[in-house]
Amino acid sequence: MHIALDTTKDARPSLVSNEYSRLIEVALCKPTHYDWAAENAIVAASKAAGASADRAAAEVQHAGMVQALEQAGVAIHYLEADPYLPMQTFARDSAVMTPWGLLVCQMARRERRGEWVAGERLAATLDLPIWQRVTAAPVEGGDIQVMRPGEILVGVNEVRTYRKGAEQVAHWVAEMGWTAKLMRVPAHFLHLDVLFTALTDKLALCATDILEAEDVAWLRERFELISVGYSDVMRMGCNVTALGDGRVLSAAQNGTLNAKMRAHGLDVMAPDLEQFVLEGGSTHCLTMPLRRAA
């Protein structure tokens with residue numbers, strides 16, 4: 001259902017009002033203290049296959065992603081890496097930029113609960129506004145997508161993002177004249193951005209056989225969906241970052257999906273990100289957009 005929205009209420013067009021326009025500034029966190037601290041289905045599968053965390057490899061691969069972002073003309077800022085936060089490299093989760101300022105999240109995993117500090121410090125350094133701080137229950141940034149003007153998606157699985165916290169965010173979004181769509185995310189897949197990501201204003205990647213049918217139908221009203229199967233989902237195939245102007249930052253580990261995106265006319269940059277893919281993340285997890293073109 002579509003309703004008339006006041007999408008400009010207190011909004012700053014120079015911040016983030018969608019997932020796909022030209023990326024201008026981004027926050028990253030170097031993998032200085034990187035480790036596979038949180039056990040999950042993807043980490044378990046990686047360990048069963050004989051893989052393990054390799055910080056040196058992670059540093060090289062992260063630098064390759066930085067090079068790709070710089071080549072795309074994106075200005076990069078760095079969160080202060082904390083030796084007590086081994087998963088902080090997944091910068092998306094601790095805070096999400098909105099049209100009204102930074103939404104500071106509340107992490108569910110105990111080894112990640114301190115990550116919000118670096119986000120607030122960076123916001124102060126760059127003179128970026130803090131919009132809200134989640135207090136009701138855990139909400140993680142991988143479950144939030146400022147999808148397009150007027151609409152925000154919030155994934156809910158009661159493991160990383162809880163309904164009570166999601167409803168708090170939805171209430172704040174409604175106060176700004178936007179709507180928040182809550183979607184059920186099976187806990188096995190960690191976050192919404194493992195199952196859905198917008199590539200342009202008309203095209204998106206979606207795990208159409210995993211998300212609820214009614215949610216897939218809702219998304220089809222807004223985007224042409226490239227369907228992503230289970231094996232590609234588990235290689236973080238949906239977890240890409242739109243750079244704007246028909247460009248996408250993916251990973252070398254997703255050759256089949258990269259080819260599909262190129263067949264749709266997209267320019268796909270795909271650095272090697274094996275260490276992060278094996279842990280359950282890729283470029284969407286690793287980047288915290290701060291500004292996109294209006």
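In the predicted model, the buried residues of helix H7 pack against strand E10 (203-206), strand E11 (224-227), helix H6 (230-234), E13 and E14. Helix H7 spans residues 255-263, and its buried positions are Leu257, Asn258 and Met261. These residues lie on the same side of H7, because the arc they cover around the axis is only 105°. In general, an α-helix has 3.6 residues a turn, so residues three or four places apart point the same way. Just after H7, glycine 265 adopts a positive phi of about 90°.

Strands E13 and E14, against which H7 packs, belong to an open sheet of 3 strands with the order E12-E13-E14 and mixed pairing. The edges of the sheet are formed by strand E12 (241-244) and strand E14 (267-269); each has a single partner strand, so one side of each is left without a neighbour in the sheet. On average, neighbouring strands of this sheet are turned by 25° against each other, direction ignored. Strand E13 (residues 247-249) runs parallel to E14 and is joined to it by 3 bridges. Arginine 247 has aspartate 267 in E14 as its bridge partner. Helix H2 (residues 55-71) lies across E12, E13 and E14, and its direction is at about 165° to E13.

The largest nonpolar core comprises 61 residues, and those with the most contacts inside it are Leu69, Phe196, Leu199, Leu205, Leu219 and Met261. Helix H2 gives the most to this core, contributing 5 residues. Met261 is also one of the buried residues of H7. Leucine 199 touches Met261, and its other contacts, not counting residues up to four places away in sequence, include Tyr20, Ala204, Leu205, Ile226, Val240, Ala242, Val248 and Leu266.

In helix H3 (residues 116-126), the buried residues are Ala118, Gly119, Glu120, Leu122 and Ala123. The buried residues of H3 pack against five strands by name: strand E1 (23-28), strand E2 (75-78), strand E4 (101-104), strand E5 (130-133) and strand E15 (288-292).

The average pLDDT of the chain is 92, and 91% of the residues score at least 70. Residues 1-8 have a pLDDT below 50; this stretch has 14 contacts in the model beyond near neighbours in sequence. Where pLDDT is low, the predicted coordinates should not be read in detail.

Conventions. Residues numbered from 1 in each chain as written. Predicted model: local features only at pLDDT ≥ 70, side-chain atom pairs only at ≥ 80, totals over all residues. Heavy atoms only, no water. Pairing = 2+ DSSP bridges. Helix = DSSP H or I, 4+ residues; strand = E, 2+ residues; numbered from the N terminus. Axes fitted to C-alpha atoms, helices over the stretch in contact; angles between N-to-C directions. Contact = heavy atoms within 4.5 Å. pLDDT = per-residue confidence, 0-100. Buried < 20%, exposed > 50% of the residue type's maximum accessible area, 1.4 Å probe, protein only. Arc of directions from axis to C-beta. Core = buried A, V, L, I, M, F, W, Y, C linked by side-chain atoms within 4.5 Å.
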